[in-house]
Protein chains: 2
Amino acid sequence: MATIKDIAERLGISVSTVSKGLNGASDISESLRQTVLDTAVELGYTTKQMRGRARRKLCIFVENMECETPEQFGYDIILGFRQSAFRRDCDVTVTPVTPAFQSAEKYDTYMLKNGYAGAFLLGLALQDEWISQFRSTSIPTVLLDNYIKKNPAVSYIGTDSFEGIDDAIEHLTGLGHTRIGLINGSRNSMISDQRWQAYADSMTAHGLPFSEDTMPYAYFVPEAAKPHVDKLLSMGITAILCGNDLIASGVIAECRARGVRVPEDISVIGFDDIPISAKLDPPLTTIRQDRIELGKCGFYALNSLIDHVPISKTLLRPQLIVRGSTGPACNPG
Amino acid sequence: MATIKDIAERLGISVSTVSKGLNGASDISESLRQTVLDTAVELGYTTKQMRGRARRKLCIFVENMECETPEQFGYDIILGFRQSAFRRDCDVTVTPVTPAFQSAEKYDTYMLKNGYAGAFLLGLALQDEWISQFRSTSIPTVLLDNYIKKNPAVSYIGTDSFEGIDDAIEHLTGLGHTRIGLINGSRNSMISDQRWQAYADSMTAHGLPFSEDTMPYAYFVPEAAKPHVDKLLSMGITAILCGNDLIASGVIAECRARGVRVPEDISVIGFDDIPISAKLDPPLTTIRQDRIELGKCGFYALNSLIDHVPISKTLLRPQLIVRGSTGPACNPG
């Protein structure tokens, strides 16, 4: 368990300043107070007083998503959610779910018997049993990258794929690329379908050719790139968008194995901007999702639903981070 | 200027309880404290201490929208925004704007010289000069029912028209209606264009006929109904959706003037659920927008933008309120 001293050391400030931040004293700046609170959550700090107080119980369910370490996609989303929850006296449990888990127990039943006031769900697939149960649940429920029509107890939060993909394609056309492919994430994922549509819309708007062959579905892992790289290269593609940074890292590795240079021969763009992106060789141009803020907005939406405010959808803007993996189009042929 | 006593009288509680609510004492319930705070704002309560403190200045700009009295559409939106702003030590100024005002002064200039940290804009038209300036402003700006692409300093908030219109059409088809018209709001308004599309989408999804003639643009006032009612009736329309409750009130009046009964001969549905809706004869079935919450979410989005969180879009769910103005379809012919 972290102590006040741990927080002070991490931030390079005195123990008494940390104490002021935790206790809401008026003689430290608001921004420092927020930093103290966020760091307390990150380090797992709690007090006896907090543990004794009546607190609301919330659950984060995670499927198909890595979130154990700061390098992984889900980590910051959960951290942002917990940082917001801390300020509102909520306890947060993180529970992995699988299709089998969902078959074994109804969502509402699980929530009620565990006394959860609401949940935030990450990474569920379209065909998951709970997804169909969300159509009629009355328990406040926020979904990352999944949207349920017409149920005021359920809210969707995500990053605007349409703007992100369009930013990326605009960047590439500015570099002279006209043959652009997309190695998408998994099928049965709302976000993959959304990016498929976003790619088709933006390519159409830019007057560029595309087909089912230039936009294959894959998986959100590096190994998924392999079967698609040869095919896209043989079609004369000069730039590849990827469903996430891991796929992009796989594309770069596959290109290197074939003696195809990034970005001289082919440009590569990821999605998410997880920490690995900046460390790849070359560093990855990617469409950034602000995952801490996704988590914080997820908490805001859930807290609103608990207060009977029917938030339907919250979208954050993506941000194109240009690094070394994109460059001028080579002259194909 | 309101006093603590005014708040106590309005809520039917003691002055000391109001005082506890305002001062964040721990021995009153959280929900009562929130009610005290909201009522303080509604009545215009301030203290010397508040007036002396360094506070952030925000502006609400209003065009093409009535907001002076609780009966009018914009009133609750502004109230909700101010109720949230009060909790975060922000001062809110409400400023009417016109096209001439926007021509006379650039948005950024006006904001800077008045020391505003951000703005919430209600009712601007698509062709307004400031709308084009929002593409490049760096000042935190939240727009009700207007969306600006790719500027992370600007956020869109609204109610999901697609779900609202679809709920209404589903309700009508359940009553046997197949010939459904839409008297829309003004042209040059993003929300009118959105509802036009929502109507077209839902009619298509329900396999129902529609054309440009069944979905005329009008204005957001009762008098706008007149030229369209005859035409829609002559086409055999048995139900009319309206761009807002005022248009719907005009449709009901026009029908009465022609001896056409609501809902026996024709069903009418409004949009917004402003207070007049329940008092019409017959009481109006309408698509409710939670305007207090629109205002509160507008503040949340603005506060997030000020903290550099790029919220792009926040949508609330509409709610179909079924009253007496809709009934089974009459057999036309």
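B:Lys150 is partly exposed, with 15 other C-beta atoms within 10 Å. Here C-beta atoms are placed from the backbone, and a residue is buried if 20 or more others lie within 10 Å of its own, exposed if 12 or fewer, and partly exposed in between. This is a predicted model: local features need pLDDT of at least 70, side-chain atom pairs count only at pLDDT 80 or more, and totals for chains, interfaces and linings use all residues. Residues are numbered from 1 along each chain as its sequence is written, while chains are lettered from A and ligands numbered from 1 in the order in which they are written.

- B:Lys150 sits in the loop between β4 (141-144) and β5 (154-159) of chain B. Helices (H or I, at least four residues) and strands (E, at least two) are DSSP runs, numbered from the N terminus.
- From B:Lys150 to B:Arg135, 15 residues apart along the chain, the C-alpha separation is 7.7 Å.
- B:Leu121 belongs to strand β3 (residues 118-122) of chain B. B:Leu121 is buried, because 25 other C-beta atoms lie within 10 Å.
- Not counting residues up to four places away in sequence, B:Leu121 touches B:Phe61, B:Thr141, B:Leu143 and B:Leu144. Contact means that C-beta atoms, placed from the backbone, lie within 7 Å.
- B:Gly207 lies in the loop between α10 (190-205) and α11 (226-234) of chain B. B:Gly207 counts as exposed because it has 8 C-beta neighbours inside 10 Å.
- A separation of 59 Å divides the C-alpha atoms of B:Gly207 and B:Thr47, 160 residues apart along the chain.

**Nonpolar core**

- The largest nonpolar core has 98 residues, and A:Ile60 and B:Ile60 touch the most other members. Such a core is a set of buried Ala, Val, Leu, Ile, Met, Phe, Trp, Tyr and Cys residues joined through C-beta atoms within 7 Å.
- Leaving aside neighbours within four places in sequence, A:Ile60 contacts A:Ile78, A:Phe81, A:Val92, A:Val94, A:Phe120 and A:Leu122.

**Helix α9 of chain A**

- Helix α9 (residues 161-174) of chain A has 14 residues and reaches 20 Å from its first C-alpha to its last. That is close to the 20 Å expected at 1.5 Å a residue, taken as 1.5 Å times one less than the number of residues.
- Buried residues in α9(A) include A:Gly164, A:Ile165, A:Ala168, A:Ile169 and A:Leu172.

**Interface and symmetry**

- Chain B and chain A each give 18 residues to the contact.
- On the side of chain B that touches chain A, α14 (291-306) and β10 (311-316) are the elements giving two or more residues. The largest share, six residues, comes from β10(B).
- That side of chain B divides into eight nonpolar, two polar and eight charged residues. Ala, Val, Leu, Ile, Met, Phe, Trp, Tyr, Cys and Pro count as nonpolar, Asp, Glu, Lys and Arg as charged, and the others, Gly among them, as polar.
- Strand β10 (residues 311-316) of chain A and β10(B) pair in the antiparallel sense over five bridges. Pairing takes at least two DSSP bridges between the strands.
- B:Ile311 in β10(B) is the bridge partner of A:Leu316.
- A rotation of 180° with 0.0 Å of shift along its axis superposes chain B on chain A, at RMSD 0.0 Å. The two copies are therefore related as by a two-fold rotation axis. Superposition is by least squares on the C-alpha atoms of residues with pLDDT of at least 70 in both copies.
- B:Thr314 comes closest to the rotation axis among the residues of chain B, at 2.3 Å (C-alpha).
- The same surface serves both copies, as 100% of the contact residues of chain B recur in chain A.

Methods. Contact = placed C-beta atoms within 7 Å.
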